[in-house]
Amino acid sequence: MISAVEYNYIKSLHLIFVITWFAGLFYVPRLFIYHIEARQKPQPDRDILSDQLKIMAKRLWYIITWPSAVLSTIFAVWLLILVPGWLEQGWMHVKLAFVFLLFAYHIKNHFIFKQFQNDDIRWTSNGMRLWNEGPTLILFAIVFLVILKNSISWIWGLAGLIGLGVIIMLGVKLYKRIRNRKPSA
């Protein structure tokens, strides 16, 4: 049997690696955006920026993001082994569905990363900005599920998630409008 102190260490390690995983998932698409925009620069800036952004993305992806995903998963499984009753609760089923979406997002980013490493860029910067908001929605959903557990109304939770999505979309559109404004003389 595990003590409360040991349980808290495992839970703390899980949270630390979840945070670093999300940091990588938030930042790697930002590097993709910079890479897309670097293609609009004149030479030699374009190649210099592209090469540097590829190095930065590679280090972030393989040194922080992937290891954090693996370690957060190991500690999560360990917690589920220690508290198997969570697997019988509805909030955990929904959380695991969001974790599955997070892994799908992670894997898709891996394919995008590989394309960018080969200078095969098929995204617009605006499209990548929208893509970059995916983990934000997942993060909100998971945190509220874990903290509120069964006390959250599914209707209000879904409405809040949709509302957050709308706010994010409006924010991206507003940013694009501000960015595209011509400076006045």
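User: Which element gives the most to the lining of the largest pocket?

Analyst: Helix H1 does, with eight residues. The model is predicted: local features need pLDDT of at least 70, side-chain atom pairs count only at pLDDT 80 or more, and totals for chains, interfaces and linings use all residues. Residues are numbered from 1 along each chain as its sequence is written, and side-chain values use heavy atoms, with hydrogens and water left out.

User: What makes a residue part of a lining, and which residues lie nearest the centre of the largest pocket?

Analyst: A lining residue has an atom within 4 Å of a point on a 1 Å grid over the protein atoms alone; a pocket is an open set of such points with protein on both sides within 12 Å along at least five of seven lines. The largest pocket has 28 lining residues, and His14, Val18, Lys95, Ile142 and Val146 lie nearest its centre. Two or more residues each come from H1 (4-38), H2 (45-82), H3 (90-117) and H5 (134-148), helices being DSSP runs of H or I with at least four residues.

User: Why is the space lined by Leu31 and Phe32, among others, called a cavity?

Analyst: It is called a cavity because a 1.4 Å probe fits at its points but cannot get out. The lining also includes His35, Lys54 and Phe116.

User: How many cavities of 30 Å³ or more are there?

Analyst: The count is one, and the largest cavity holds about 30 Å³, a volume being the space filled by probe spheres set on the points, which are joined across faces, edges and corners.
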